[in-house]
Amino acid sequence: QVQLVESGGGLVQAGGSLRLSCAASGSIFSINAMGWYLQAPGKERALVAFIISGGSPNYADSVKGRFTISRDNAKNTVYLQMDSLKTEDTDVYYCYARLVTIATMKVNDYWGQGTQVTVSS
């Protein structure tokens, strides 16, 4: 069993900052990639940022220069530092991990429960 537990969402004024965290736990053999996505009701998931192990971060154009994704491999944790927040950043942010479990030794995708970010004007 693998769990992704997110934290750090909340309410902030426009121009402010938030830091999201997502810790992966369970019988994990390796993590290939971790990231953050949005999914509004009735819409497809939209990339915010992701980082592949040993690779460079990738960002949606809308957050480049404002958001920074990072990983702590020892803690199986991914962070999203969100600066210069705008009202349009308001959404539910979902943590994502592509990883290999010890039980199956196969790659699978996992998702967190989502954390609400609300930016007020």
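Contact here means that heavy atoms lie within 4.5 Å of each other. This is a predicted model, in which local features need pLDDT of at least 70 and side-chain atom pairs count only at pLDDT 80 or more, while totals for chains, interfaces and linings use all residues. Residues are numbered from 1 along each chain as its sequence is written, and side-chain values use heavy atoms, with hydrogens and water left out. By that definition of contact, and not counting residues up to four places away in sequence, methionine 34 touches Cys22, Ala24, Phe50, Ile51, Ile69, Arg71, Asn76, Thr77, Val78, Cys95, Tyr96 and Ala97.

**The nonpolar core**

- A nonpolar core is a set of buried Ala, Val, Leu, Ile, Met, Phe, Trp, Tyr and Cys residues joined through side-chain atoms within 4.5 Å, where buried means under 20% relative accessible area, exposed means over 50%, and partly exposed is in between (1.4 Å probe, protein chains only).
- The largest such core has 29 residues, and those that touch the most other members are Met34, Trp36, Val48, Phe67, Leu80, Met82 and Tyr93.
- Strands, which like helices are DSSP runs numbered from the N terminus (strands: E, at least two residues; helices: H or I, at least four), supply at least two residues each to this core in the case of S1 (2–7), S3 (18–26), S4 (28–38), S5 (46–52), S7 (67–72), S8 (77–82), S9 (91–101) and S11 (115–120).
- S4 gives the most to this core, namely five residues.
- In soluble globular proteins, nonpolar side chains tend to be buried together.

- Two strands pair if DSSP finds at least two bridges between them, and an open sheet of four strands, with antiparallel pairing, has the order S1-S3-S8-S7.
- S1 and S7 are the edge strands of this sheet, as each pairs on one side only.
- S1 and S3 run antiparallel and are joined by six bridges, and serine 7 has serine 21 in S3 as its bridge partner.
- S3 and S8 also run antiparallel with six bridges, and leucine 20 has leucine 80 in S8 as its bridge partner.
- On S1, Val2, Leu4 and Glu6 form the covered face, whereas Gln3, Val5 and Ser7 form the uncovered one.

**Two loop residues with positive phi**

- Asparagine 76, found in the loop between S7 and S8, has a positive phi of about 50 degrees although it is not a glycine, and this asparagine 76 counts as partly exposed because its relative accessibility is 23%.
- Serine 84, in the loop between S8 and S9, likewise is not a glycine and has a positive phi of about 50 degrees, and serine 84 counts as partly exposed because its relative accessibility is 41%.
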